[in-house]
Amino acid sequence: MNAPLPETRAQGIGVALPRKEDDRFMRGRGGYVGNIRMVGMLDVAFVRSPVAHGRIRAIEKPEGSEGAVYTLADLEGVQPIVANSGLAGFKNSAQPVLAGDKVRQVGEMIAMCVAENRAAAEDIAAQVFVDFDELPAVVDMLAARRAGSALVHEEWGDNVFLETFIDADLDDIRSKAAIKVRRKLRTARQSMAPMEGRGVVAHWDHRLGQLIVYTSAQMPHINRTGIAGCLGLDEGQVRVVAPDVGGGFGYKGILLPEEVCVAWLAIKLGRPVRWLEDRREQLTANANCREHDYDITAYADSDGRLLAVDCEATVDSGAYSSYPFSACLEAAQVGSILPGPYKMEKYRCRTWSVATNKPPILPYRGVARTGVCYAIETVMDAIAVQAGLEPWEVRMRNLVLPQEMPYDNITRKHFDSGDYPECLRRAVQAIGLPALRERQRRGEADGRRIGVGLAIFCEQGAHGTSVYHGWGIPMVPGREPVTLRLTPDGVLEIRAGVHSHGQGMETTLAQIAHEVLGIAIDKVRVLLGDTGITPYSTGTWGSRSIVMAGSAVGVACKELKERLIKIGAHLLKDEPAMVTWQAGAVVSPKGWKRIADIARTWYLQPQLLPGDVDPRGLEVSTTYQARRDSGTFSYACHAVVVAVDTALGKVELLDYVVVEDGGVLINPMVVDGQVYGGAAQGIGTALYEEMRYSEDGQPLASTLADYILPGATEVPAIRIAHMETPAPYTEFGQKGIGESGAIGSPAAIANAVNDALRPLGVEINQLPITPRAIVEALAAVSAVSGNQGRNA
């Protein structure tokens, strides 16, 4: 008889375990692209366009360094990057990896310079002369739609990538609506700023006949497909390895022209080649997002019940559509997600994805959702003012109710589960609204004005084939694969095609394995980010990884457990029906066999195995698709208290509450980290971050001294409360919530600022709400009041 099984501490679903990967990160032992050193490695610097729009008349290589400079003419056979869509009317924008005859943005790459180190490569790049015929720059997205505008792509005849239209007859609504509110809203262009910039190291492995590309990427398999296509290689000739990634946020979810160039050069020279992005490149050339314009009208009855929404939305998509797809990612989604969690009778929305002479718009945490939440929540507050109600009361009258779940909304989004009114109630209670209203009435001793703002939203995450195939893009997610394998000493290897760039997947996927198998977390190795050892996946994006890959791990572990039970029962000389699975072991009245015992038998003592043993052994490859893959719908309510200094325009966040429902939480601590980080980025959207451009298309922020990011002193002690309404279609009831922290914060903060300024007759309808915006708005109201007084 074996000794009693050792007790194992809870490490499974719902446990706030410290992240396994943090040990190496906190000790400075993370392995990033910038840490890679190879014998004979060369460095690349790119010659980038100093003008936003122009024709290239000539490129002169510096005398004596001609062999170190490569232009598009040298990259024979390299195909442009093409990211098309099957949506009717979409216009193609093939992007050459190096500009040939024309540049369409400041920072577009024109030549590649190579040397023994980056400094020498930059010296060569500085000597390359490019002769331009400069063209008028298209900078403002609304002006770009007008007839007579300069054209980014002349062959189009206009500057519109795509126009979408959801039509409805609103005449009856207009005639009966007691309340009509219209707002023109604008959000600034932003530049994502992960701690680690992009980077790529490439070399040709002569033994394997394979291109090895190390790159800081979220979707290594998609990058492999894109690189192979551009270079004319089969995908078996390309291996993409994404090591530790120091922040992605969507910025690293595309194929880079730099990746293609560096990979080509590594093959050409037969030596390792590296490019590491510096912050100036990142800010001025590569990372832009979230520039939206809304003209939105909402209709409601006298009780504040929403009748209809009518919106025209324009998104600045930049010069190209990045692979696999970017140009219409924001605008096309605006039309489908603008209604948010609200019910209404009619809905009309027209959107434009507009080309300008700016960097391509890229997916950024909360893709499209951040802007539409700001738009719809702004008009909900405006309805409340006209109805004479508290903003939370108006929202409560329009939210989808828990008894209506699952609910198909007006754009046919299938809300899976939840209690939106309860989420709102908890946020209002946590923020202490009655006391805050009394505080407003009393006024502040220092003269600042207090404001309270709310934003409630739902986030569609983990949406799959049924949603994306209609877009006709080169990346449609299917069944999510994983592979499990036990080693001879009982360590479980999990190989997944998703990748982690801060989500703690080495921990959460191991927790799911523990939940099913009882295996200790320190006996689980999670292998990610390498196309050579992981199954093909579209990667990490859209709040999908824990739903798709997490569920796939659970399914695979259940299958592995059945095989282990059969072998363990045989070793115990018992029938499978007579044994149980406890704490990572097969247990019967005759004793027990641990996972390690069974693994050792399979690999080293096969003579002891049953004759009818499963020939697939202790390796399981499977795939997962949700029972309904239209996505999970997590949701949250953000409640914010601000103090506004009307003399300086400074906004201080006094209190911040988030009530979040992400379904069943695999690791609550990881979820909190996601919400904190997302909210910090949303605070930047609301108050600080803007990438301005001059009239000739020059970016006006090229360092972090010009582009302001929120720091520890700008982010308050956010309070998070969780609701856990299980998702009905996923393996463990989990939902995707990786982006939600960034979605609600700009709207809640904007509403809070406007609540503070409303008694002064001021409303700010742009993001970010900078001190200048506040002071100028107050001055404008004061000037109007003064003129009216004089006229009277």
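Me: Why does Tyr420 count as buried?

Reply: Buried means under 20% relative accessible area, with exposed over 50% and partly exposed in between (1.4 Å probe, protein chains only). Tyr420 has 1% relative accessibility, so Tyr420 counts as buried. A word on the background: this is a predicted model, where local features need pLDDT of at least 70 and side-chain atom pairs count only at pLDDT 80 or more, while totals for chains, interfaces and linings use all residues. Residues are numbered from 1 along each chain as its sequence is written, and side-chain values use heavy atoms, leaving out hydrogens and water.

Me: Why is the pair of Phe415 and Tyr420 called tilted?

Reply: Rings of Phe, Tyr and Trp (its six-membered ring) pair if their centres lie within 6.5 Å; planes under 30 degrees apart count as stacked, over 60 as edge-to-face and the rest as tilted. The centres of Phe415 and Tyr420 are 6.0 Å apart and the planes are at 45°, so this pair is tilted. Phe415 counts as buried, at 1% relative accessibility.

Me: Which residues do ring pairs link into a cluster?

Reply: The cluster holds Tyr407, Phe415, Tyr420, Phe633 and Tyr635. By the ring rule, the count for aromatic pairs comes to eleven.

Me: What makes the pair of Phe46 and Trp275 edge-to-face?

Reply: The angle between the planes is 75°, and the centres lie 6.0 Å apart. Phe46 sits in strand β1 (residues 42-48) and Trp275 in strand β12 (residues 273-276), so the pair ties together parts that are 229 residues apart in sequence. Strands (E, at least two residues) and helices (H or I, at least four) are DSSP runs, numbered from the N terminus.

Me: Are Phe46 and Trp275 buried or exposed?

Reply: Phe46 is buried at 8% relative accessibility. Trp275 is buried too, with a relative accessible area of 0%. Across the protein, 62% of the 792 residues count as buried.
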